[in-house]
Amino acid sequence: METICTTDSNDMDEMRLLLRNVSKFCVRPSLLLTVLLGFTKDPYPNIREVALDGLVELSSCIVVEDQSLIEGCYFRAVELLFDCEDSVRRSAVCAVSEWGRLLVACNQDQSKKEWSDTVFVQLCSMVRDMDMKLRVVAFDALGKIRMVSEDILLQTLCKKALPATKEKTYCGQLTAKLLTLPASAAAFAFVHGLEDEFHEVRRSACRSLCMLTAVSAEFASEAVNILMDMLNDDSVVVRLQALETIHFMAISDHLKVEEAHLHMFLGTLLDRSDSIRSAARNTLQSIKLRNLAMFRLAIDALMKNLEFYPQDEADLFLVIFKLGRTHGKFVGSIIREVFQELEPSFEGKLAFDNARTVALLVLAISVPVSFERRICTVPPQTFSYAVIQLGRISRGLFDVVNQDTLLAYLSHCSRFSLVSDSEFFKGEEPALQLEKSDVLLCQKSNDTSEAHLTSPLLDSLANLHDRVTSCAKIVLRKISDIWRLIDLGCMGEVIQTLRSWKEELSKFTSDSPQTVGVLAFALQYIHVIKLLGKVWTRILSSRNLRYHGMGVLEVLLGKIDKRLQDMRYRFIGLSREEELHLLEIMLLSCVLRLSYLETCNLEASLKKICTISSRVENLCKEEAIELSNFILDLQKLLCEIGNSSDGVFENIYLLQKSLKSFSLRQIVLSGEIKHLEAELNVLDNDFQNPLPFISGLPVGIPFEITLYNLTSEKRLWLTMTVDGTSPQFVFLDLHEFEGCDEIRKFTFVAPFYGTPRVTYFSLKVCIAMECLSEDVQLFKDYEGPKPELSFLCKEIEVHLSTPVK
Amino acid sequence: MAIECLVLGAGQEVGKSCVVVTINDKKIMFDCGMHMGYLDHRRYPDFSLISKSGDFTNSLTCIVVTHFHLDHIGALPYFTEVCGYNGPIYMTYPTKALAPLMLEDYRKVMVDRRGEEEQFSSEQILECMKKVTAVDLKQTVQVDKDLQIRAYYAGHVLGAAMFYARVGDVAIVYTGDYNMTPDRHLGAAQIDRLQLDLVITESTYATTYRDSKYAREREFLKAVHKCVAGGGKVLIPTFALGRAQELCMLLDDYWERMNLKVPIYFSAGLTVQANMYYKMLINWTSQKVKDTYATRNAFDFKHVCSFDRSLINAPGPCVLFATPGMISGGFSLEVFKQWAPYEGNLVTLPGYCVAGTVGHRLMSAKTPAQINIDQDTQIDVRCQIHQLSFSPHTDAKGILDLVKFLSPKHVILVHGEKPKMATLKEKIQSQMGIQCFDPANNETVSIPSTHYVKAVASDALLQSSLSPNLKFIRKCSERGSDFGGLDARTKPGLKVFR
Ligand SMILES: [Zn+2]
């Protein structure tokens, strides 16, 4: 200690070094803090600065549970916010930010909020400091705060004290002498930052603002006004940051664009800087424009962009396509106005050299895949015009769709014009025509958006069973058409179509076991396709992956696997084609999991793929069915992976590539499908009428069970679970119960052993079936169920309570 | 030791800024302005209050002038050449360069146009300027062995400065006019955190809370863009220095980004000379101008060309900058007469217009309107009118921010309107706990000053490092404990996990 007491400059350097490396010492942290705090009062600014830096460093590697200690460090840092030296104040801002963070972390609920606001306002009070670097640091620190009251946030955009913050004060300092911190110290803080002289400060303020718009929608809607004005900033970096912030707000659904904003915003589409124009387009495509006038302004600006900067063409087409897709209802009226421009001239030549015309075509062809429900007519010949410009258009839409699919899509749309003379576009969704019969499943373009199954032939069919089955079959056959839309990324459309089919099918009720089976199968299948579609679109657009995270993907794939397993084991009478179909989707799911989920177990997944694919091969051989491209690719790939020393990791991109060859085959229901189902009930039991039990002793529960289509060799289990514990299984030996395979109804008193030490509890009960696939050997003496279980009914809740004496 | 402030001008009013501050036996005159609203003796500060004998050279230690506006410098030639002050005068380099232009311009207007008695001649202006010592920003000037002064950037206009003055342990800051918000061509005021006994600040907008500058810029650009997009002509009457460069940079930048081809004109004489000064004095402009200087001088406007009279009635849209600002005559009036009758055209007006000017009449007019230029001429005004709200002065928030940052012991408000100053004074006292004064002209404010006891560094260091007896100011914890002698044994909640 003595050596550092002299003011010799060498020693001073030594001391700075010492303090800079404070966290590396093996000194009791409390002692270290004491020493550092002592140095924060040093008369030498250098020492005060490094002492504060030391505090900052310690804050990240120390656990302090004593709040008063944290408060001590925090308030010492606050005091030094008013130091005479710029560098000390800068370090003090960092220290306030870091120790403020600790302070917030060690509090709960209301006081946590209060402290978070306190730190926020304290940092806001520094944004008018005269030191530029300090202002940058202060705004950076503001952006790190995750919890701020809306009132305070709104105050940062308003110069006068708002009623909500007028009287509020916090613990802190306004000046060296004033030892309370009024909430009004936050006034205009962000606007000051955004109009700062230095672009470094403006950028930092803009970035932090971006982070905080996620906290409050109200704040975001206020902030957007000034952000739009920032687009007029003279620094490219700042304009870019402003666009990024607006984009972030748009995708987090906190953006409301007014017509007044558009002048400035659309102006950026004509900016001289490529990166600004590109960012502007990127932002525009995620913006929702509320009326036709706004949409028209946007399209006009995009056209101007194309006119002035022809090099942007490809990207512009994509943006126009995406914008058209999200604003389908406006596109119609625009296309009608400009339709003459699109029509061929008298010589039969098309005036297509004009980039504008092609851009309008791109806009027009976005309509059928629009997410909007009400779509105005786009003349179908437009699609044939677009075919001529296929190459040019497809360059732009490369991200969304490849050229082949685009061609198929365009010719599909234009063919309809030949057959039914634009009938196609009167409906909201593609009309589904059946080749053999005149049974027509079509959607009407009414506002209720309900789909109807109508056909004279259908109505005349007396047999309900036949009618239901044929409807289900029609739907299932048509689902493969839907795949094209999924491939285009038009999930909104797909989901709505599937939903309307599902609704239509659910309307049928029937007692016939075959009909029930077919319906159940069709509904399950539709659900699987829906899930698959969601996964597919998520993978198509990397943006979604980034913002929705892997977690969602994992959940979706999990659901798909569960459903597929259910379909495979809970239906009997599936034909080999049907089984093949399901197996192929299973394989797809496995490949998806393997290529996109980091968390997946590589070996297990690979083994599963091998098992399924060999089963597929066998089935194909037996039935003399050709293997699909997807399976062929996959098998080739498995061989390569097996032979290469790189392991699966190196080959993941190959797996991903194999996904490209997948397309959904048409599923044709042929056999008589029966659904394995169970009903489970406990008579007169609810929350008010619990069954009696005595804690610690087993209790018998009388279940009423109905089983459908379950032959006696199926192995069924009752699973009974108390929240938070592992389930108890009771075996149901079907040989013991009367009834036939179609329906078996009986009462069964099941014992439950693990009654908890409470006066009341509820038990979740379900009937599960072991899934016995060919490749799993059956051990008769096996205790408890096989790991793979399929649940046959909805889980019920049984209420139990200790009788009152 | 006390500080005495004699307010000779700009006390509870705007005009003839002049404050004489006495610290010990040093007497500093801050600004020496004239009042544009008076033509009698009231136009100058009452210098007799400084010295009954009229020996100003010996009464004053020095004069400090903050910027070239006439209400801050207009009385200087009179004071030196007529009243005979011969002592040192300090101002920044740009102020020294631009002041003679302003003074000469003023002299011409008074003598040539209004036919008034000459207050000082062109020669006297030059003589006066010879006595000026130019200073640079942040350069500490030792006026004599006791008095130090230092200039800080003030924004406002090219060359404007705040001045710090120190005698012994007593230090003050006189702000002059300043702006806390940067604009396109000038930066925001910039000063160090100093230990101050007194801050004398302007308070032109003592109760105004101005909105974001982006909104002002947007409205201006939108109006101009809309007009030229519709084929109209835009007339922007401005003064030669300041707003013209600001607006021109804004437009030039916008033109560049938006790829606009419509010509922007500067009327001859206006600005060519002024732009030259800006180019020379690049260090006194905003950060952005300085940043881009290496690649391109921001005052080399890309899209601006000089105007020829024959272009007035040329077809097609254009933007024209012309003097004078309030359309009180000259070229801007000539063009106004030609362009005003057409609906598609646009005329912008500065935020403030003197009564009697065409600009002033337009401010309250609703188009279409009939405006009388003189007895014989009446103009049918049908064009659009856009009121500019750019201002080179800080607003109330800016004043409070500066006072908060400097946290002086006392504040004196000058250069404002009486009732508004009273409101601001109340705010400074109640919110900041700082004693504040708003003296009228010719009043003196006496301020006691305290000595700072300077700790000898080594002693204090020794003390703090040998016995770190820490005391925190505990602001809100109810438990309110002292942290002296922290120890891990008594603070078990402390763990290091690295
Ligand atoms: Zn001024």
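# A walk through chains A and B

Asn442(B) is partly exposed, with a relative accessible area of 40%. In this predicted model, Asn442(B) sits in the loop between strand E21 (435-437) and strand E22 (444-448) of chain B. Its phi is near 70°, a positive value in a residue that is not glycine. Most residues other than glycine have a negative phi, and most peptide bonds are trans.

Phe188(A) has a positive phi of about 65° and is not a glycine. Phe188(A) lies in the loop between strand E3 (180-182) and helix H10 (189-194) of chain A. Is Phe188(A) buried or exposed? Its relative accessibility is 2%, so Phe188(A) counts as buried.

The bond from Thr323(B) to Pro324(B) is cis, with omega near -10°. Pro324(B) belongs to the loop between strand E15 (318-322) and helix H10 (330-339) of chain B.

Chain A contains 31 helices and 17 strands. It has 805 residues, and 55% of them count as buried. Its accessible surface is about 35100 Å², with 52% belonging to carbon and sulfur atoms. Of the contacts in chain A with a separation of 6 or more, 71% involve residues 24 or more positions apart.

Chain B contains 14 helices and 23 strands. Of its 498 residues, 57% are buried. Chain B exposes about 20400 Å², and carbon and sulfur atoms supply 50% of that. Among its contacts between residues at least 6 apart in sequence, 71% join residues at least 24 apart.

Next, the interior. In soluble globular proteins, nonpolar side chains tend to be buried together. Here the largest nonpolar core has 140 residues, and Trp99(A) and Phe120(A) touch the most other members. Apart from that core lies another, of 105 residues, including Phe120(B), Met129(B), Val224(B) and Val262(B). Beyond its neighbours within four places in sequence, Phe120(A) contacts residues including Leu142(A), Ile145(A), Phe190(A) and Leu212(A).

Helix H15 (residues 274-284) of chain A has buried residues too, and they include Ile276(A), Arg277(A), Arg281(A) and Leu284(A). Their cover includes helix H13 (236-251), helix H14 (259-267), helix H16 (292-308) and helix H17 (313-326) of chain A.

Which residues coordinate the zinc ion? The donors are His67(B) through NE2, His69(B) through ND1, His156(B) through NE2 and Asp177(B) through OD, at 2.1 to 2.2 Å. Along the chain they follow the spacing H-x1-H-x86-H-x20-D. One pair links distant parts of the chain: His69(B) and His156(B) are 87 residues apart. His69(B) lies in the loop between strand E4 (62-64) and helix H2 (70-73), and His156(B) in the loop between strand E8 (147-153) and strand E9 (161-167) of chain B. At 23% relative accessible area, His69(B) is partly exposed. At 6%, His156(B) is buried.

The angles among the four donor atoms run from 91 to 169°, and the site is irregular. Why is it not tetrahedral? Four donors count as tetrahedral only if all angles lie between 85 and 135 degrees, and here they reach 169°.

Lys26(B) is the last stop. It is placed in strand E3 (residues 26-30) of chain B. Its relative accessibility is 11%, so Lys26(B) counts as buried. Its side chain makes a polar contact of 2.7 Å with the side chain of Asp144(B). Lys26(B) also touches residues including Val21(B), Thr61(B), Leu147(B) and Val167(B).

Note on methods: Residues numbered from 1 in each chain as written. Chains lettered and ligands numbered in written order. Predicted model: local features only at pLDDT ≥ 70, side-chain atom pairs only at ≥ 80, totals over all residues. Heavy atoms only, no water. Helix = DSSP H or I, 4+ residues; strand = E, 2+ residues; numbered from the N terminus. Buried < 20%, exposed > 50% of the residue type's maximum accessible area, 1.4 Å probe, protein only. Contact = heavy atoms within 4.5 Å. Areas by Shrake-Rupley, 256 points an atom, 1.4 Å probe, with all protein chains shown as cover. Polar contact = N/O pair within 3.5 Å; in protein donor to acceptor, adjacent residues only side chain to side chain. Core = buried A, V, L, I, M, F, W, Y, C linked by side-chain atoms within 4.5 Å. Donors = N, O, S within 2.8 Å, 3.2 Å for Na, K, Ca; no water. Tetrahedral: all angles 85-135°; square planar, octahedral: opposite > 155°, others 65-115°.
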